[in-house]
Amino acid sequence: MRIRLLHGKRFDDFSRAVKTAAMTSRISHTSFDAVNAYAQSVFWSQVLDFAEDPDDPNEPGDEECLITSRDRSQLLLFIAVSGGKTLKNRVHPDLRPVDRTREQEVERILALGAAQLADHRRPDGSGWITLADPEGNEFCILSKDPAGSGATT
């Protein structure tokens, strides 16, 4: 069992720490800076099977392009900014395939325009493959079926 620190206090069990914290905010959507907000929204729509709002469709040249999961529980907003990405992402999505293997999903996403950056697969089937979207933003593909209880298994 790992000992964790939360707000400077030791917790032997992370779930106990979570239960003691009151929820004060909820993520509304995740925003990504993009040189081309429209192109990024198209790429990620294809990766995640997300859709744009039919009442407010995304158009080339739009400064903001929103896509949502089919059940509208997850929203991604791409915001046009000047200048390309210069440093490694501080936050990135980790994706778990739903209907295919990690390797099949990597091949599908590479065909959509991603690039492979690193391979962190482990002999037990856990681990991940790091990709970059067309603007260089990193994201990881995990295995379809977790090999253990950790976040990257």
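The model is a predicted one, in which local features need pLDDT of at least 70 and side-chain atom pairs count only at pLDDT 80 or more, while totals for chains, interfaces and linings use all residues. Residues are numbered from 1 along each chain as its sequence is written, and side-chain values use heavy atoms, with hydrogens and water left out.

Let me begin with the fold. The protein chain holds three helices and 10 strands, taken as DSSP runs numbered from the N terminus (H or I of at least four residues for helices, E of at least two for strands). Of its 153 residues, 29% are buried, meaning under 20% relative accessible area with a 1.4 Å probe and protein chains only.

Turning to the core, the largest nonpolar one has 18 residues, and Phe-43, Trp-44 and Phe-78 are among those with the most contacts inside it; such a core is a set of buried Ala, Val, Leu, Ile, Met, Phe, Trp, Tyr and Cys residues joined through side-chain atoms within 4.5 Å. The helix α2 gives the most to this core, with four residues. Leaving aside neighbours within four places in sequence, Phe-78 is in contact (heavy atoms within 4.5 Å) with residues including Phe-32, Trp-44 and Ile-67.

Finally, the largest pocket is lined by 44 residues, with Phe-32, Trp-44, Leu-48, Leu-76 and Pro-93 nearest its centre. A pocket here is an open set of points on a 1 Å grid over the protein atoms alone, where a 1.4 Å probe fits, with protein on both sides within 12 Å along at least five of seven lines, and lining residues have an atom within 4 Å of a point. The largest share of that lining, five residues, comes from β3.

Definitions and conventions
Buried < 20%, exposed > 50% of the residue type's maximum accessible area, 1.4 Å probe, protein only.
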